[in-house]
Amino acid sequence: MTRSTLTRAALLAVPLVFFAVFFGYPVAAIVARGLLVDGSWQWGQLGEVLGDESTRKVLWFTCWQAAASTALTLALALPGAYVFARLSFPGKRLLHAAVTVPFVLPTVVTGAAFLALLGRGGLLDTTWGVRLDNGVWAILLAHVFFNYAVVVRTVGGLWAQLDPRQEEAARVLGASRLTAWRRVTLPALVPSVAAAGLMVFLFTFTSFGVIQILGSPRHATLEVEIYRQTAQLLRLSTASVLTLLQLAAVVALLVAHRLITRRRETALALVDPASTSHRPRGAGQWALLAGVLTTIGLLLALPLGVLVERSLSGPDGYGFAHYRALAHADGTFLVAPWEAVGNSLRFAAVATVIAVVVGGCAAIALTRRASRLTRGFDALLMLPLGTSAVTVGFGFLIALDEPPLDLRSSWILVPLAQALVGVPFVVRVLLPVLRAVDDRLREAASVLGASPARVWREVDLPLVRRALLVAAGFAFAVSLGEFGATVFIARPDEPTLPVAVARLLGRAGELNYGQAMALSVILMLVCTVVLLLLERLTPSRSAGTF
């Protein structure tokens, strides 16, 4: 076995051990707790739960709302993907960062924003007497708000790198504008659109925070039902079956996602995005730009604006009363809500370090295209994004409670859970850049006697340093917003921002609601600053990858 093979095996061992201990073990433990009775597996529970009418209703709603959310997101975001890819206009870079803010906000903040816009006493209710929180439209629009950036970045990033001369050549040969686009550009975009659609379907299929706030007993997803069965009804056997059902669906989606992204990586010749954008030409492109800006204003900016307005609105008029109240404990927490800001920043920083180390090792090991085994491992790294965070969080509590992993009262549980979500983003950002490095440079360094570590330090690191910072930034942002697992394992004296927002929203009273809005605004500002820094660092050739 060569030194290079040993190094690669050692790098693969890091993410393998991490995921086995902090993902596979907790999930397996909670499934076993529900289905293993007196040493015997109760597989009959599978048929009993899956045959129950209420389970079928939850599964049906989960699937159709995810399909509807995906279709609506694609319909509204694809024009935006074109505008950001091919048109140049003032403020484009700032707006590109701004549309990404909803994606890294906690889903409970998304739910709170749409509740303030569409719910009782919301902007539409007080202005026109219209409420949408009793139906499914609020859920669908909130999902579009959350996933708009997925389509813009995934499809728009590729669209910006397609060589426009191919479409122009088709027009020279006599094809109309529509025919040239349909025959040349559309086939190149199909894998990217399908990949974005699959990602949106995945995120909405496992939706939790949005449904918790905007849903009802008639509108519950599998994730919410798992939480209800686990935390409220203590029916672990039912929750275990639902977890396995969700896991099977997510694995199928990830396999499809992997097949499509492989086509995208190998079939296209790309150009510099800076050479493909231009100022709008003609009435059609100006109208399209105006339509996209209007959509962003109504769908993305308005809910965030209402969030800010509600955080400043008090019984005595507008002011900072809700922000000042965050400095005092009032019985909802053992500490002042303001301390949640420091907790979130501290936990997210530790989670980022873990995610960069684990994800970086995985990305380096997967750099060279190889066997089906490594490709399968690549897809496996995405699994935490689609697995029930509720299951992972509760699994932490029941699995990591004995030496040498007795971590029940340790603060490190929260960063570990957040790192599980951050690792896939680190891999997705680093892997394309690492694969783009000319392998002949590494071979030349090796021939001259450099060790694998020195080859990485002298060849790869200078080329991927910016991508590494971007990956760390995304891991930090998504760690700030993690809610599903953190809500189980955050200690009462160390709440994170999303947990604090959810607890304040769960209590009656105008002050609690105002404080929740104020904390949401603070979290939104932190995420915005991180994303603006990322926008300045993002390597042009890696645009479009999450």
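Student: Which word describes both Tyr-82 and Trp-159, buried or exposed?

Tutor: This is a predicted model, in which local features need pLDDT of at least 70 and side-chain atom pairs count only at pLDDT 80 or more, while totals for chains, interfaces and linings use all residues. Residues are numbered from 1 along each chain as its sequence is written, and side-chain values use heavy atoms, with hydrogens and water left out. A residue is called buried under 20% relative accessible area, exposed over 50% and partly exposed in between, using a 1.4 Å probe and protein chains only. By this rule, the word for both Tyr-82 and Trp-159 is buried.

Student: How many aromatic pairs does the structure contain?

Tutor: A pair of aromatic rings is described by the distance of the centres and the angle of the planes. Rings of Phe, Tyr and Trp (for Trp, the six-membered ring) form a pair if their centres lie within 6.5 Å; planes under 30 degrees apart are stacked, those over 60 are edge-to-face, and the rest are tilted. The count of aromatic pairs by this rule is 14.

Student: What type of aromatic pair do Phe-18 and Phe-22 form?

Tutor: The ring centres of Phe-18 and Phe-22 are 5.4 Å apart, and their planes make an angle of 55 degrees. Both residues belong to helix α1 (residues 3–35), and because they are 4 residues apart, about one helical turn separates them. Helices are DSSP runs of H or I with at least four residues, numbered from the N terminus. The type of the pair of Phe-18 and Phe-22 is tilted.

Student: Are Phe-18 and Phe-22 buried or exposed?

Tutor: Phe-18 and Phe-22 belong to one aromatic cluster together with Phe-19, Phe-23 and Phe-396. As for accessibility, both Phe-18 and Phe-22 are buried.

Student: What type of aromatic pair do Tyr-82 and Trp-159 form?

Tutor: For Tyr-82 and Trp-159, the centres are 5.2 Å apart and the planes are at 65 degrees. Tyr-82 is in helix α3 (residues 53–86) and Trp-159 in helix α8 (residues 137–161), so the pair ties together parts that are 77 residues apart in sequence. The type of this pair is edge-to-face.

Student: Which residues does Ala-85 contact, leaving aside its neighbours within four places in sequence?

Tutor: Ala-85 is found in helix α3, and it counts as buried because its relative accessibility is 2%. In space, Ala-85 is 9.5 Å from His-278, C-alpha to C-alpha, although the two are 193 residues apart in sequence. Contact means heavy atoms within 4.5 Å. The contacts of Ala-85 are Lys-92, Gly-156, Trp-159, Ala-160, Thr-276 and Ser-277.

Student: How many of the 12 residues of α6 are buried?

Tutor: The expected span of a helix is 1.5 Å times one less than its number of residues. For helix α6 (residues 107–118) this gives 16 Å, which agrees with end C-alpha atoms 16 Å apart. The buried residues of α6 include Val-108, Phe-114 and Leu-118. Helix α6 is largely enclosed by the rest of the structure, because the number of its 12 residues that are buried is 10.

Student: Which residues does Thr-391 contact, leaving aside its neighbours within four places in sequence?

Tutor: Thr-391 lies in helix α19 (residues 389–399), which is mostly covered, with 9 of its 11 residues buried. Thr-391 counts as buried because its relative accessibility is 2%. The contacts of Thr-391 are Val-27, Ile-30, Ile-226 and Thr-243.

Student: Which residues does Glu-225 touch, not counting residues up to four places away in sequence?

Tutor: Glu-225 lies in helix α12 (residues 222–232). Its relative accessibility is 11%, so Glu-225 counts as buried. The residues touched by Glu-225 are Val-58 and Leu-242.

Student: At what angle do the axes of helix α16 and helix α24 cross?

Tutor: Two packed helices are described by the angle between their axes and the distance between the axes. Axes are lines fitted to C-alpha atoms, for helices over the stretch in contact, and angles run from 0 to 180 degrees between N-to-C directions. The axes of α16 (residues 339–365) and α24 (residues 497–505) come within 8 Å, and their crossing angle is roughly 145 degrees.

Student: How many disulfides does the structure hold?

Tutor: A disulfide is a pair of cysteine sulfur atoms within 2.5 Å. Among the cysteines, Cys-63 is partly exposed, with a relative accessible area of 29%, whereas Cys-361 counts as buried at 13% relative accessibility. The number of disulfides in the structure is 0.

Methods
Helices (H or I, at least four residues) and strands (E, at least two) are DSSP runs, numbered from the N terminus.
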